[in-house]
Amino acid sequence: MVSRRGWLVLGLAVLPWVVQAQTAPPAQHVVQLSASAQREVAQDWLTAVLVARQQASDAGTVQNQLKAVLTSALQQARSKAREGGVEVSTGGFSVYPRYGKDGQVQGWQGTAELLLQGRDVAQVSTLAGQLPGMAVSQMRFSLSQEATQKLESQV
């Protein structure tokens, strides 16, 4: 029977051969090439994230309140977006407990997001301000998919 110390000595004696067997010889006659290109472009796509927040004593009430606000805002946004070429979609939807000092659930709260996207900054901004029950949470610029593809083919 081999003691723990014996296994340790045996392991340390075998270790150099295991490490040597696992390392591959360095590659010879191998060339690595790399290229990059850079071009500065104006971002042409605006995304506005609008959020509705609700709270109540039970999760079902919060969920129903958020659904009502989101449905109304979504219908209104879609009808106005057709005129201006703004894309409308939903974002995150979450309901979670609110805890008191004693660690017990004191109520429920939740958020629902609506996304407005497009090239026309004025149209997206105006529509974001017209939706009742929704507040602007974020606005960010990026490069549209079409502009990205065009730029990639040029570069």
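Residues are numbered from 1 along each chain as its sequence is written, and side-chain values use heavy atoms, with hydrogens and water left out. Because the model is predicted, local features need pLDDT of at least 70 and side-chain atom pairs count only at pLDDT 80 or more, whereas totals for chains, interfaces and linings use all residues.

**View 1. An open sheet of 4 strands has the order 2-3-1-4, with antiparallel pairing.** Strands are DSSP E runs of at least two residues, numbered from the N terminus, and two of them pair if DSSP finds at least two bridges between them. Strand 2 (87–99) and strand 4 (135–142) are the edge strands, each pairing on one side only. Strand 2 is joined by 11 bridges to strand 3 (residues 105–118), and the two run antiparallel; Val95 stands opposite Gly110 in strand 3.

**View 2. Glu113 is found in strand 3.** Glu113 is partly exposed, with a relative accessible area of 28% (buried is under 20%, exposed over 50%, partly exposed in between, with a 1.4 Å probe and protein chains only). Leaving aside neighbours within four places in sequence, its contacts (heavy atoms within 4.5 Å) include Val49, Leu70, Thr90 and Met134. The C-alpha atoms of Glu113 and Ala52 are separated by 6.5 Å, although these residues are 61 residues apart along the chain.

**View 3. Helix 3 spans residues 121–129.** Helices are DSSP H or I runs of at least four residues. Val124, Leu127 and Ala128 are buried in helix 3; seen down the helix axis, the buried residues fall within an arc of 105 degrees, so they line one face, the arc being that of the directions from the axis to the C-beta atoms.
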